[in-house]
Amino acid sequence: MKRPLLAAGLCLVLVGLGTIGVRHESSAELQRALASFRANLPPDARFEYDHAYPRFLARGAGFENARFIRGGTTLTAHVLTVNNPSGYLTTGLSFSKIHAEGITLSGLVSGRIGELTLNKLLLPPVSREKHDVSDLPPLSQIHFRHGQIRDVALGTPDHCTLNLANAAVDNYGHDDGNSGMVHEAHAVCAEDSLPAQRLGALTKMPTGPLALDIGDLRESGIRYARAVALVEQWLPSAISGEAKPFLALNAQGDLSEVPSKSEARNIGIALLGMRLQYEKLLSRQWKEGDKRLGEGNLHNATIRFSKSYALAPFMPDGIHIETLTQNATTDTKTNVSVISIKGTTPKSFDYETTMELANAVTPDPKHGPTLISMSLTYRDDASNLDDLFGRIAALRGQSIAELKSTFALPLALMAQKAPGLDALPAFMLAPSGHSLTVSFHPPEPIDVTAIKALSAQFSADPTMAQRWLAPPVLTSSMK
């Protein structure tokens with residue numbers, strides 16, 4: 001198969017079975033429909049089964065040990081039933097229910113699936129010029145009212161695995177009523193796998209294993225089909241190694257309904273030599289008049305860095321954040337958002353950042369997010385920065401006092417070139433028990449993706465640097 005994705009592989013059978021006919025009211029008619037289906041298969045594909053029978057009440061068909069084989073890929077279902085098929089490939093196919101049990105897959109993706117159910121499945125039309133029924137429409141264009149999958153264990157030759165106990169999605173491909181749940185999912189790609197290598201190449205960051213662990217996840221209002229459409233646009237460039245930012249993709253509309261909410265427990269994410277793990281996340285979005293509001297609360301998060309990470313020798317064993325909250329307010333008339341993020345670990349540190357952004361909620365290729373203003377405050381209550389200096393000093397064979405003395409002159413020169421950061425030297429030399437606030441108000445809103453290019457612009461235009469790095473554009477204060 002061109003795309004060895006689980007859903008695509010399963011739909012190969014579903015699309016083909018749609019050509020069996022509108023109704024199967026006799027075994028003879030069923031056999032004629034199967035013969036027609038086989039005649040339309042590409043030369044390297046075939047459909048086999050041990051037994052087929054019409055389902056009179058369901059006006060469909062059932063199969064025992066159904067097998068779809070194409071090239072080196074084989075998809076087998078111990079039991080497969082298709083209820084109420086209607087329509088044609090050229091006009092679109094619909095099914096009231098597709099149900100499969102005891103599924104095995106071998107090829108580029110191998111493994112097993114205990115059970116798969118799709119209710120009220122709708123497949124879009126296939127071009128009249130296409131006779132190969134295994135050429136599928138994009139997964140984002142498939143619609144169904146309810147889908148459920150259980151007991152999944154799949155793997156690839158380059159050491160990517162997926163294990164899933166149970167997952168369900170409602171109203172996939174529809175604008176309203178979207179919801180989903182996942183219970184006990186574990187996806188891992190080894191450091192030498194193609195996805196991990198491609199991500200490292202695209203980000204120019206250390207390559208490391210990719211992992212996603214989900215204990216429980218329940219969401220409502222997330223438009224999954226639109227998110228899949230974005231991935232379908234981005235995936236070819238990622239596979240080829242081409243860096244294609246999401247902002248360059250065609251807009252898919254709002255990815256979530258309003259209101260929407262999400263609740264997740266025991267989540268772990270690993271990528272680029274880092275791992276984030278948190279105990280609980282609650283988030284929601286809603287509307288009040290012309291305002292769109294959102295809030296999120298994350299509890300007991302830990303960030304760890306692998307030995308391959310460049311800063312690992314200087315970092316603690318783990319950074320623990322007891323509570324992390326985010327609040328966002330967007331004016332739907334001006335499309336300006338104010339986002340505030342606060343992180344706190346009592347008797348250790350407090351962190352807060354506030355950003356004012358335009359086009360952050362509904363960006364498009366012509367109007368990406370722009371930064372209007374930003375402020376950041378960090379308070380150190382447990383000598384965290386001094387501990388960092390201690391680790392650096394130990395690696396250099398110095399005391400903390402000696403290390404800080406070597407920093408004094410560079411910090412003073414930096415404050416001279418960027419007078420808006422005049423409070424930074426004093427804070428870096430005596431951080432414990434103090435807080436530092438840095439505020440940035442650009443002379444004009446700046447494209448978020450262009451911020452990294454400011455340094456080169458400052459070097460080329462000292463007048464611009466003087467204007468952007470001095471008060472009131474850039475300010476700092478220590479308390």
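The buried residues of helix H5 are covered by elements that include strand E18 (370-380), helix H6 (400-417) and helix H7 (424-429). Contact here means heavy atoms within 4.5 Å. Helices (H or I, at least four residues) and strands (E, at least two) are DSSP runs, numbered from the N terminus. The model is predicted: local features need pLDDT of at least 70, side-chain atom pairs count only at pLDDT 80 or more, and totals for chains, interfaces and linings use all residues. Residues are numbered from 1 along each chain as its sequence is written, and side-chain values use heavy atoms, with hydrogens and water left out.

The buried residues of H5 are Leu385, Asp386, Phe389, Ile392 and Ala393. They lie on the same side of H5, because their arc around the axis is only 120 degrees. This arc is taken from the directions from the helix axis to the C-beta atoms. Ala394 and Leu395, on the other side of H5, are exposed. Buried means under 20% relative accessible area, exposed over 50%, and partly exposed in between (1.4 Å probe, protein chains only).

Helix H5 has 13 residues (384-396). At 1.5 Å a residue it should span 18 Å, and its end C-alpha atoms are 19 Å apart, which agrees. The expected span is 1.5 Å times one less than the number of residues. Just after H5, glycine 397 takes a positive phi of about 70 degrees.

Serine 260 belongs to strand E12 (residues 256-271). Its relative accessibility is 6%, so serine 260 counts as buried. Not counting residues up to four places away in sequence, serine 260 touches Ser220, Gly221, Ser283, Arg284 and Gln285.
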